[in-house]
Amino acid sequence: MTRRLRGVVAAASTLAVLAAAAGCSSDSGSSKGSGKLTVWLTVDAQESWPDLVESVNTRFKQAHPGTDVSVEYQQWTTKNLKVDAALAGHDVPDVIEMGNSETVNYIVNDAFAPVDPSKFDHAGEWLSALREPCEYNGKTYCVPYYVGARVGIYRTDLFQQAGVAKAPDTYPELIAALDALKAKFGAEDKAFSALYMPGRYWYAALAFVKDTGGEIAVKKDGKWQSAFSGPKSVEGLKAWKALIDSYYVGDRSKDNGDEPAVVGQGKVGAFYGNTWEADAAADPQSGGNPELKGKFGSFAFPGPSGGPLPPFLGGSELAVPAKSRNKDLAQEWIKLFTDRTSQQRLIKANTLPNNTAQLGEVDAKGVNGPAAKAATRGWVTPQAPGWVAVEKANILQEMLEDIATGKHSVEDATKTADGRIDAVINKN
């Protein structure tokens, strides 16, 4: 899978558009169909499972011979701008793919029509990190599509040379493996990182928060409150800080955006990332080194608590715009595109399914086997309308940089971050 990090929706412009999207209900009535169903998917489907799209369109056409399906592929970096522009007008697509961290602002501003979960396969087993971003005030407004989970990725050749027989299953085994890598290669090369984990890598740091039972933010009396300075969150961040203090060599004020290129330089024993990043680290087009091809393995990164480190589950949802003239047909198409047969095709494309029942169908020995294991502990960012403003303000990254560089203690950095987050998180 070639999915990359997505751009964040600009809060002010998006909300203005969404107000316009919700303002006209006269276009939202008919469910009989206009003879054409328009579906907006991202390029992941075009690049990785075009046969699935074709087969679903064929199945849909057999059931609804009077309706043609037009699938248009969008880039993640420009998708939301196009979505906002379409929703502000009258000619809207009938199905839209959204990231699971992008849905909340659209849902609370009535941009999407409710759907009936009972119509969809495995709805009772949808992964919570996909299900929760679709729910609001007791209704469901989108359908989980697929998901990805970060795992540990390691150089099999370096592990062997360091005398590490297998990938770690427990946190003590992880520490022992990193110690062996550091002793073997770090003494000779001061630029070698047994573990690559830069300071502003918030997906990694917040996984440690979740592992120790901490929370990013909680909702009390109808308002969201940041929870980074809570004792369990502080405990998780201290565990993360201890790990990078011991095993990461490099700039702590950077993020993980160039992770494959850095790993491709050959001075990293293991890292925490998406499975596709192993391929990218060996791909010259991504700044990688082709000599590393076939030299990576993956494992469910263990956390200090004793279980797999809870990964942020970056995934996709499928929604029906409130202005669609083909709501029922749109749900029918989504039903086919997310049913158990379609999920099996996604699994073959090294993508995780939308439900816990089919996680068991992922090959445990395959590249995504560890990701499937870790996904059961997965999480997503708080479903607060103002969370997008938190991300846009880089509050998380700045907090983590302060901790990673030692500029401030974990306690002081989290208290400052809590105050900054509380000031914006409830703004819609």
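## How the model is read

Residues are counted from 1 along each chain in the order in which its sequence is written, and side-chain values rest on heavy atoms, with hydrogens and water left out. Because the model is predicted, local features need a pLDDT of at least 70 and side-chain atom pairs count only at pLDDT 80 or more, whereas totals for chains, interfaces and linings use all residues.

Helices (H or I, at least four residues) and strands (E, at least two) are DSSP runs, numbered from the N terminus. Two strands are said to pair if DSSP finds at least two bridges between them.

## The four-stranded sheet

An open sheet of four strands has the order S8-S11-S7-S12, again with mixed pairing. Its edge strands are strand S8 (193-196) and strand S12 (296-299), each of which pairs on one side only, and the twist from one strand to the next averages 20°. S8 pairs with strand S11 (residues 268-273) in the parallel sense over three bridges, and Leu195 has Ala270 in S11 as its bridge partner. Helix H8 (residues 171-186) packs on this sheet, touching S8, S11 and S12, and its direction makes about 130° with that of S8.

Ser298 has its place in strand S12. With a relative accessibility of 21%, Ser298 counts as partly exposed, since buried means under 20% relative accessible area, exposed over 50%, and partly exposed in between (1.4 Å probe, protein chains only). When neighbours within four places in sequence are left aside, Ser298 is in contact with Val151, Gly152, Ile153, Tyr154, Val367 and Pro370.

## A hairpin with alternating side chains

Strand S9 (residues 217-220) and S10 pair in the antiparallel sense over four bridges, and they form a hairpin with two residues between them, in whose turn Asp221 has a positive phi of about 55°. Lys219 stands opposite Trp224 in S10, while Lys220 has Lys223 in S10 as its bridge partner.

In a regular strand the side chains alternate between the two faces of the sheet.

The axes of helix H3 (residues 50-63) and helix H13 (residues 327-337) come within 9 Å and cross at roughly 130°. H3 and H13 are therefore oblique to each other, given that angles under 35 degrees count as roughly parallel, over 145 as roughly antiparallel, 65 to 115 as roughly perpendicular and the rest as oblique. The contact is made by Leu52, Val53, Val56, Asn57, Arg59 and Phe60 of H3 together with Leu329, Glu332, Trp333, Leu336 and Phe337 of H13.

H10 and H18 pack at an angle of about 125°, with their axes 10 Å apart, and they are therefore also oblique to each other. Here Val234, Leu237 and Lys238 in H10 meet Val410, Glu411 and Thr414 in H18. The buried residues of helix H17 (residues 395-405), among them Leu396, Met399 and Ile403, pack against helix H9 (202-211), helix H10 (231-247), helix H16 (387-392) and helix H18 (410-424). Just after H17, Gly406 takes a positive phi of about 80°.

Technical notes
Axes fitted to C-alpha atoms, helices over the stretch in contact; angles between N-to-C directions. Contact = heavy atoms within 4.5 Å.
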